[in-house]
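Work through the exercises below with the sequence and the coordinates at hand, and try each task before reading its solution.

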Amino acid sequence: MANNKNIPCVVFGASGYAGVELAKMIVNHPTFSLEALFVSEQSSDANKLLSDLYPKYKGLLDFTLVPGGKANIEALKSTLSGVDQGLIFLATPHEFSHDIANSLTANNITVLDLSGGFRLQDPDLYPEYYGFAHQYAEQLSDIPYGLPEWNAHNLKDKALISLPGCYPTASQMAIKPLVKSELLTDQCTPVINAISGVSGAGRKAALATSFCELSLKPYNLFVHRHLPEICQEVGRKVIFTPHVANFDRGILATIVMQVKEGTTLEQINMAFESQYSDKPFVRLRSEAPHINDVAHTPYCDLYWQLNGTDLIVISAIDNVLKGASSQAIQCANIVCGLHEGLGLLPTSQTQGAI
């Protein structure tokens, strides 16, 4: 495996929490090279250094935030047209990704979209959950969904990859092994109670997510935009109640499900172990995880308990990393034929391509 930094990368939306994490991981990656950082044309951050917004990265991320106007984007496309392989990450608002993603794809370029612009396969859901009409309905079923523990085989040789949301990542990792193993009752409606840190609301200051104002609150009951995404990917109705709390990073999801009569703990153990035993970013725990166990890491921690036919599964992730940027790097590694943990795990754990 080559260690030359020979795969150029560009990040749109680089001034946000997920964007700056992407920039940091790309700079530290042995094969990826950070070529440019973009923000929206009207952004107050345009033409500033990223390290001026995040002073702890002085000397590491001294990159100018290029305003994403038409001329600058055309210049970028011209520059990337001559490379053998390149990556563009969109850590941008949903509708912006929807509008621009197809114009950035090329034979040698893969676009990895961290927004919800292409997650839902039913175009009729976009006006209700995302506030805009989808103009690329015919493409939706062909765009792979970037949950690498479940869909790595579909990511290579694709022009555009849609990354999961943070809540859907935590939820699916807990539910999908049980669906695959056919352990849930036909009538089971998983009940998901998930709590996120305030970084999930983005970097822009708002009273509702101020540490001084916020304690713990549920929001968007029955109408959160991640609800149809979770239902789509687990193949059944769920009840999803998101909460926001006054900590900065992480998601803790507690999921209650009903398994078939006679299901044993050993069968549940096997469902998780058979799916995740060789997945480097999943840790199967013998005790319930805490937010602090996963904050600032690329891992998903899972724990479960069975009581009769009632099953509780706990899933914990960092919403900015496994819920967004480190998952994007995972997918990018797979696209490029590299070990999925390259740049995210110690070198001793990332020998060889997948």
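Predicted model: local features only at pLDDT ≥ 70, side-chain atom pairs only at ≥ 80, totals over all residues.

Residues are numbered from 1 along each chain as its sequence is written, and side-chain values use heavy atoms, with hydrogens and water left out.

**Exercise 1.** Determine the strand order of the open sheet, and state which strands stand at its edges.

*Solution.* Start from the strands, which are DSSP runs of E with at least two residues, just as helices are runs of H or I with at least four, both numbered from the N terminus; two strands pair if DSSP finds at least two bridges between them. The six strands then follow the order S3-S2-S1-S4-S5-S6, with parallel pairing. Strands S3 (65–67) and S6 (160–162) each have a single partner strand, so one side of each lacks a neighbour in the sheet. Next, examine the pair S2 (residues 32–39) and S3, which is parallel over three bridges, with Phe38 opposite Val66 in S3.

**Exercise 2.** Which residues line the largest cavity, and how do they divide by class?

*Solution.* List the lining first: Phe118, Arg119, Gln121, Leu140, Ile143, Tyr145, Ser162, Gln232 and Glu233, where a cavity is a set of points on a 1 Å grid over the protein atoms alone at which a 1.4 Å probe fits but cannot get out, and lining residues have an atom within 4 Å of a point. Then sort by class, which gives four nonpolar, three polar and two charged residues.

Notes. 1 Å grid on protein atoms, 1.4 Å probe; cavity = no way out; pocket = protein on both sides within 12 Å on 5 of 7 lines; lining within 4 Å. Nonpolar A, V, L, I, M, F, W, Y, C, P; charged D, E, K, R; others polar.
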